[in-house]
Amino acid sequence: MRRLRPAILLTLLPAVLSAHDFWIEPSTFRPAVHQNFTVSLKVGEHFQGEPVPRDDRRIKRFFLMSALGEAPVPGLPGTDPAGFARVEAPGLAVIGYRSDRSPVTLEADKFEKYLAEQGLDQVLKEREKRGERQKPGREVFSRSVKSIVFSGVRGREYDRHLGLTLELELGTDPAAWREDARAGPPMKFRLTYEDKPLAGALVKAICRDEPDKTLTARSGKDGAVTLRLPRRGVWLVETVHMVPAPTGVDADWESVWTSVTFEIP
């Protein structure tokens with residue numbers, strides 16, 4: 001465990017605010033039953049980033065869901081790794097994290113670039129309709145992320161719906177991946193927002209061993225996403241959804257970021 005000093009936290013703050021990607025990185029994706037392992041939160045870009053120390057003021061939920069039910073992921077404030085976990089039963093376990101809102105304001109050109117990079121075309125169109133293309137982007141954002149681990153023998157389950165505000169669910173077992181398939185076999189996902197299918201979102205996939213390569217696809221009407229993942233390894237699949245900020249929130253827009261990390265063994 002590494003305790004992060006206040007000076008280091010101040011150094012990391014600009015990177016945390018400017019980077020978009022946020023994910024859970026367990027110390028192992030295949031812990032043994034009853035094995036203790038650590039859970040880090042990471043922020044950065046292209047599956048490369050810095051640790052985010054635990055801040056209980058920002059955490060709404062941080063938990064592990066297994067066959068035995070939901071258990072909190074404990075940890076020490078201001079430290080990395082952000083939590084500690086232990087799987088008490090064989091099979092699938094899913095780590096979930098939901099943060100509170102945080103405000104950020106970007107200059108107009110940076111906000112427009114960010115919207116374009118994330119495929120948020122509807123927000124770009126709405127800003128143009130309102131005559132706000134030269135206006136800074138005032139936004140509140142939050143994180144809804146998960147990570148999938150397996151302990152012992154793999155069963156029939158390969159993901160579990162956690163009820164996060166924005167959530168990506170695997171629709172294909174990573175263990176069924178076949179190396180002989182041309183360009184990688186299709187991996188299916190389902191995207192939901194407030195437990196309803198979300199269409200039109202730009203979904204990105206990055207392998208930890210090839211961070212310079214990004215695969216993309218749009219979610220369909222039923223929230224379905226299909227990506228061909230070309231290699232084994234640890235993968236990050238992510239997207240963002242943005243809506244007008246609700247009444248009473250001092251911002252113009254609200255975004256929710258989601259990601260899922262898993263390993264193709």
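Here's a quick briefing on the aromatic pairs and the cavity in this structure. It's a predicted model, so local features need pLDDT of at least 70, side-chain atom pairs count only at pLDDT 80 or more, and totals for chains, interfaces and linings use all residues. Residues are numbered from 1 along each chain as its sequence is written, and side-chain values use heavy atoms, with hydrogens and water left out.

**Aromatic pairs**
- Searching the whole structure turns up six aromatic pairs (rings of Phe, Tyr and Trp, the last by its six-membered ring, with centres within 6.5 Å; planes under 30 degrees apart are stacked, over 60 edge-to-face, the rest tilted).
- Trp-23 and Phe-47 make an edge-to-face pair, because their ring centres sit 5.3 Å apart with planes at 90 degrees.
- Trp-23 is in strand β2 (residues 21-26) and Phe-47 in the loop between β3 (36-45) and β4 (48-51), so the pair ties together parts 24 residues apart in sequence (strands are DSSP runs of E, at least two residues, numbered from the N terminus).
- Trp-23 is buried at 1% relative accessible area, and Phe-47 is buried too, at 5% (buried means under 20%, with a 1.4 Å probe and protein chains only).
- Phe-22, Phe-62 and Tyr-97 are linked into a cluster by ring pairs.

**The cavity**
- There's one cavity of 30 Å³ or more (a set of points on a 1 Å grid over the protein atoms alone where a 1.4 Å probe fits but cannot get out; lining residues have an atom within 4 Å of a point).
- The largest cavity has a volume of about 50 Å³, counted as the space filled by probe spheres set on the points.
- Its lining includes Phe-29, Arg-30 and Glu-263.
- β11 (137-151) and β19 (253-264) each supply at least two residues of that lining.

Notes. Helix = DSSP H or I, 4+ residues; strand = E, 2+ residues; numbered from the N terminus. Buried < 20%, exposed > 50% of the residue type's maximum accessible area, 1.4 Å probe, protein only. 1 Å grid on protein atoms, 1.4 Å probe; cavity = no way out; pocket = protein on both sides within 12 Å on 5 of 7 lines; lining within 4 Å.
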